[in-house]
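Open the structure in your viewer and keep the selection tool at hand. The stops below say what to select and what is found there.

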Amino acid sequence: MHTEPMRILFAEDDPELARQTRGWLGEAGYETVWCATGEEALKHSLNPAFDVVIMDVGLPGIDGFEIVERMRGNAIRTPVLFLTARESVTDRVHGLQVGGDDYLTKPFAHPELLARIEALHRRATNSLANATTKAGWRLDPTRRRVQVRDITVDLQPREWMLLELFMANDGKVLNKKFLLEKVWDLHFDPGTNVVDVMVCRLRHKIDEPDRPSHIQTLRGKGYVFQATI
Amino acid sequence: MQEELVELGALYNYGGLPVLRVAAAAQSDEAHHRIVRVTNADGEPLIESQVPEKNDDVWRKLVPFYLVAGEADWHILAVPQQGGKLVVGRIGLADGNRLWYARADGEELVAAGAATHGLLIMGALSSMFGLVPLLWFVQKVLQPLRTLIRGAHRLAAGSGTARLSAPDAIPELTEFAQEFNTSLDRIATLTGELHSVNEHLAHELRTPLARIRGNLENLLDHCGSPEAEDAAVRGMEEIDRATQLVHSILSIRLGDTGTMRLHLELTSPFELICDLVQLYAPAAEDRGLTIEYDTESDALVLLDRQRVRQVVTNLLDNALAYTPTGGHITLLQKVDGDGFLLRVQDTGPGLTAKDEQNIWRRFARGSAASAKTPGTGIGLALVRAVANAHFGEVGARNRPEGGAEFWVKLPLTPDVGEPLE
């Protein structure tokens, strides 16, 4: 299965944050090149050999937005994830307009960073089909139906999106914030435990009685979907 | 129409009845039902451009009135025999008499000219006392003033880049416009500074919070002790709460000071609210509550989706937190000429008089809140701030049948938001 490790360019000027993040990227099996200034990041960003770029916006020298704009101007199409302390929608939109592909605000949960990198690298493309086969289910996307053994389950539109997202990230931790953004387009955590209840509903629909659940809750981290249990 | 009334008034003040007779003859037009008349202070006619008895009964409907020189009032009278309406304007003249001017097609003219009403009266006053010739006044004062007012309307509608100009006006007005613009530039600079201070503050807080969070995550992954894991999880939850709180407080400040940048998109409020109602319905069901959503229209409105979603979720959070088991939450939404209106009704304990005064303030919590009621007391302040940023309004009341109702009203096309670079 494993070929070359994913190569990541990581631009972040805060040494402590960089140390932690490089640790997580290393644990996930990625090869990381780190730079702490805008000039350095610009130089590396023009190298097409990277699979994903993680770009801090507030870099000393040249800011992250400008670097990515120049990257795109030089026809470098490497997917870019902005990592930033700016949370406004205007900044988010600006980040995407200059050519960024995704946007994560600090402070962040490291599984969320990894999930986003994976999604950018399109490794997850076939994981939906894989997870379906592994779970032994039959999926009917047009009717939003899952056939679990001999029971057919109808899902609500958002429940379906939630299940798809889980299956595409089989075995990976997904936090609440990530689910809210991808399924409901909410960039904040509402005061009511809506996601917990939704996940609970989905569990009741897809889990078989007397067997462990497909979706585990990890306290302080989020949820993990397992196709095979 | 105001303009005509004032000009006729000025002509009378200048040359008395003979001059007015000439003007009235030109103005009077039976086909369009324009009528000019002058009465004394008691309403007895001195001249009238139409046969008096024809409209006598109509005039009598107007009660006796008192007008100082230059003051005007307006009435709309039904004229059944002519199958329409007559707009009647009356203005006090310099010698104590009254000038009446009526038009059958005046209704739209009155509505269109309402904004400049006061100015015309001012102009009429100065003309009446012979201070300035009318034409000069209109060209150098009145028209530039109208341009200034239009500029001021654009500013009031939130266009931060609009500036006043009065190129052909008297020097005092031109200078006024320049001074005003200098002040606006200063405000724009301060607003820009507020934004950069906010960004700076957010950055200075978020980066260390991110460092601490990262270390707690590593602690959680590698400590192997349940007590330490619990401490790490609680620490991370606190950091996430603090991050969101700081973000909300800064948003409230921007909204309340009218400097929030909105990302406006053409949006179906129906879909936006439906999605959220579906998200909240299971959580409501768990609490023994039902949510019902009813809409009267499916129009598209310019909204900042994230912000408006925050408004709706905050109102739903409140309704869920304060409504006892077995209760109902009803969302009513409509879009009409006045704008977008959302009402969220619950069957909870309602609001005390003190609540009605305080609930929109930061960190205020409803009287019905207990230690177990979730929330930081910042949700409604944020709702109000977002409504402010859209040039909208918020309100709350107790429903006669019990429970509270919160409403948010946003204008249809808020002419706000910085253009996106």
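**Start at Glu112 of chain A**

Select Glu112(A) and show what surrounds it: leaving aside neighbours within four places in sequence, Glu112(A) is in contact with Leu104(A), Asn175(A), Lys177(A) and Phe178(A), where contact means heavy atoms within 4.5 Å. The model is a predicted one, in which local features need pLDDT of at least 70, side-chain atom pairs count only at pLDDT 80 or more, and totals for chains, interfaces and linings use all residues; side-chain values use heavy atoms, with hydrogens and water left out. Residues are numbered from 1 along each chain as its sequence is written, while chains are lettered from A and ligands numbered from 1 in the order in which they are written.

Glu112(A) belongs to helix 5 of chain A. Helices (H or I, at least four residues) and strands (E, at least two) are DSSP runs, numbered from the N terminus. With 1% relative accessibility, Glu112(A) counts as buried; buried means under 20% relative accessible area, exposed over 50%, and partly exposed in between, with a 1.4 Å probe and protein chains only.

A salt bridge here is a side-chain nitrogen of Lys or Arg within 4 Å of a carboxyl oxygen of Asp or Glu. Side chains of opposite charge can pair when their charged atoms come close. Arg116(A) and Glu112(A) are separated by about one helical turn, because they stand four residues apart in helix 5 (residues 110–120) of chain A. Both Arg116(A) and Glu112(A) are buried.

Select Lys134(A) and Asp170(A). Their side chains form a salt bridge of 3.0 Å, N to O. Lys134(A) sits in helix 6 (residues 127–135) of chain A and Asp170(A) in the loop between helix 7 (157–168) and strand 9 (173–174) of chain A, so this pair ties together parts that are 36 residues apart in sequence. Lys134(A) is partly exposed, at 46% relative accessible area, whereas Asp170(A) is buried, at 18%.

To see a network, select Asp102(A), Glu112(A), Arg116(A), Lys177(A) and Glu181(A): salt bridges that share partners join these residues into one.

Over all chains, the count comes to 36 salt bridges. For another of them, select Glu31(A) and Arg7(A), whose side chains meet at 3.4 Å, N to O. Glu31(A) lies in strand 2 (residues 31–35) of chain A and Arg7(A) in strand 1 (residues 7–11) of chain A, so the pair ties together parts 24 residues apart in sequence. Glu31(A) is partly exposed, at 42% relative accessibility, and Arg7(A) is also partly exposed, at 28%.

**Across to chain B**

Next, colour the two chains separately. How many residues of chain B are in contact with chain A? There are 44, and they touch 40 residues of chain A. The area buried between chain B and chain A is about 4,000 Å², of which carbon and sulfur atoms give 54%. Buried area is the accessible area (1.4 Å probe) that two parts lose on being put together, summed over both. Select Arg206(B), Leu279(B) and Gln306(B): they supply 16% of the area that chain B buries against chain A, more than any other three residues.

Seven salt bridges are counted between chain B and chain A. One to select is Asp185(A) with Arg309(B), 3.2 Å from N to O. On the chain B side, helix 6 (171–222), helix 7 (226–256), helix 8 (269–286) and helix 9 (305–322) each supply at least two of the residues that touch chain A. The largest share, 16 residues, comes from helix 6 of chain B.

**Inside chain B**

Stay on helix 6 of chain B and select Asn181(B), which is located there. Is Asn181(B) buried or exposed? Asn181(B) is buried, with a relative accessible area of 14%. Apart from neighbours within four places in sequence, Asn181(B) is in contact with Arg163(B) and Leu164(B).

Finally, show the whole of chain B. Its secondary structure comes to eleven helices and twelve strands, and of its 421 residues 45% count as buried.
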